[in-house]
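Hi,

Here is the structure I said I would pass on. Have a look at it first, and my notes follow below.

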Amino acid sequence: MTKLRTERLTRAFLGLVAVNDVSFSMEEGEILGIIGPNGAGKTTFINLVSGIIMPSSGKVEYKGRDISYMPAHERARLGIARTYQLIHPLENLSLIENVMVGSIFAKGNGLKTARAKAEEVCASLGLTGLDRDTSKLTILEIKKMEIARALANEPEVLFLDEVMAGLNSDETRELIAQVQAIARERKLAVGVVEHVMGVIKELTHRVIVLEAGELIAEGPYEEVSKNPRVIEAYLGGAA
Amino acid sequence: MNRNLARVVATLLGALAVVLPALAGAYPLQVARNVMLYMALAITWDMLLRSGQISFGIAGLFGLGAYASILGVIRAGMPAWASIPFAAAFSALAALLIGYLILRLRGMYFSIVTLALAEIFRIVIHNLHDFTGGPEGIVAPAGVIFGGSASGLYWLALVGLAVALGASIWFEKSKFHFALTAIRDNEIAASSSGVDIFRWLLATFVITSGIQGLLGGIFVQSYGFATPDSVFSADFTLLPLAMALLGGIHGTVGPIMGAVLLGVASEWLKLQMPYGHLVVYGIIIIIVILFMPRGLYGLARKMARPAEGRAE
Ligand SMILES: Nc1ncnc2c1ncn2[C@@H]1O[C@H](COP(=O)(O)OP(=O)(O)OP(=O)(O)O)[C@@H](O)[C@H]1O
Ligand SMILES: [Mg+2]
């Protein structure tokens, strides 16, 4: 079943077209990689589908419903959740309270229920010491807290924008396994942005490749990574 | 340990507030009334501040409530007691309309617009001379509520404080705590978690303004008259702000502490320097912001458990 679809989605910033005419879809239970060189438009694309910014033209559909111009908090309630490339902890709330926010406002749960649900989500990510201030958390814990906060929305579609960045290889492996388990259990559609191709290869069923805002390739990682245009985009980006 | 201590102090203060009329004479009761009034205003100012919005509009909504109350009595023939909840409703309704217009503004822009509110209301009241009494003010023919009984006025002020306190504690223990803190910390993260930012800000602005209007009604009925200069005085903005900052922001305890300290001091200051006392509040605000951003309560907590203090 198609959860999320875009049609010719476009966003320009004063002449710079950050996302250009991108059409794609995400299916239930699918882990989709979103890759491309720096500045390709990956984060902007997630901002568009999660409602943080609005499109210049084109369409976003969630389960058949047009949500192109719906505000972010309403999309969160419908079932779209995300994390941020630059971490966004709520620093005057404790770890567990950060996670509760998703449950309270996206699901409309009371504080007691929200706490119980947040504890569950934290447990599935191996988070402990739940009453700590966010200033006391390690990078891995902050990343997990932000994933937990997104999961507390009880989403059907989840975007993870470079959550593995800044983690060492053991931590990365741990988080990959947890994300896979959670996605399977919850039948989530997950969109993953990562620069480390090992992560993309291991985690995703399919990838889309963006370059200068355009979707230039799509398919399983093994296939796409042999695509000459993709290779050129990466080499060109690195040069 | 700490929480028990706070509970003991709160119980003692509460007990003191209740027995005071039996012990104290008219003047101390009047000082207590003033302290309670400013304390309540400081608490309501802090409630909105928990969302990160700095309002300079206290005097505006307070004075509006004051005029709603006295005009309700004089022009609409309301009983004095009924004009007080009417004042609350009037300021709340005004805040709903104003909030719709200005709660999309952030930071300095929001603050500056709220600063203009008292001035705008004052000018309107000046100009609606026939209805409001204009610059000379207006006197209730029936005089002060409860026939001016010192203990009656005291109880009335205590009710006003109780409303503010109750609302503030409710905010701390309900979804408001999560909504406002999330908005203050990161609006983008908040909205991605489903927080309807505008709605929560509007609700908070309406509730706190309603209480400010209520306090304006209590104030004006305790004197039996209103002038634009007295009820829209910058005192009602600056003193509560200084109290909350001095005691500590983002919670109920700080504004209470600040109000007790500064409230008593300000009574004395007003006598010493009838015009200069505002300068002293200004200096207190600056010193606290520069050297003690979490106020006295924040300082006390830091000293009590330095290991758990939040990173500034
Ligand atoms: N708010 C904005 N205003 C102006 N330009 C923007 C804005 N947001 C993004 N851009 C520009 O849009 C382009 C795409 O940026 P985006 O952050 O989406 O890329 P990205 O693929 O996520 O890159 P990275 O891998 O470095 O995270 C960049 O050129 C960026 O400078
Ligand atoms: Mg990015």
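**What I found**

A polar backbone atom of A40(A) sits 3.2 Å from an oxygen atom of ligand 1. That falls under polar contact, meaning a pair of N or O atoms within 3.5 Å (within protein, one must be able to donate a hydrogen and the other to accept it, and residues adjacent in sequence count only if both atoms are side-chain atoms).

Before I go on, the ground rules: this is a predicted model, where local features need pLDDT of at least 70, side-chain atom pairs count only at pLDDT 80 or more, and totals for chains, interfaces and linings use all residues. Residues are numbered from 1 along each chain as its sequence is written, chains are lettered from A and ligands numbered from 1 in the order in which they are written, and side-chain values use heavy atoms, with hydrogens and water left out.

Back to the ligand. G39(A) has a backbone N or O atom 2.9 Å from an oxygen atom of ligand 1, and T43(A) brings an N or O atom of its side chain to 2.8 Å from a ligand oxygen. On its own ligand 1 exposes 640 Å², and the protein buries 61% of that (Shrake-Rupley method, 1.4 Å probe).

The shell around ligand 1 has 14 residues (a heavy atom within 4 Å), and K42(A), T43(A), T44(A), Q85(A) and H195(A) come nearest. Helix 1 of chain A gives the most to this shell, with 3 residues; strand 2 (16-27) of chain A also supplies at least two. Helices (H or I, at least four residues) and strands (E, at least two) are DSSP runs, numbered from the N terminus.

Now the two chains. 26 residues of chain B are in contact (heavy atoms within 4.5 Å) with 28 residues of chain A. Together they bury about 2200 Å², 57% of it on carbon and sulfur atoms; that is the accessible area (1.4 Å probe) that two parts lose on being put together, summed over both. Across this interface there are 11 residue pairs in polar contact, both at pLDDT 80 or more. On the chain B side, helix 8 gives the most, with 8 residues.

How many salt bridges cross between chain B and chain A? The rule finds 0, taking a side-chain nitrogen of Lys or Arg within 4 Å of a carboxyl oxygen of Asp or Glu. One joins E156(A) and K3(A) at 2.6 Å, N to O. Those two are 153 residues apart, with K3(A) in strand 1 (residues 2-13) and E156(A) in the loop between helix 5 (139-151) and strand 7 (157-161) of chain A.

Cheers
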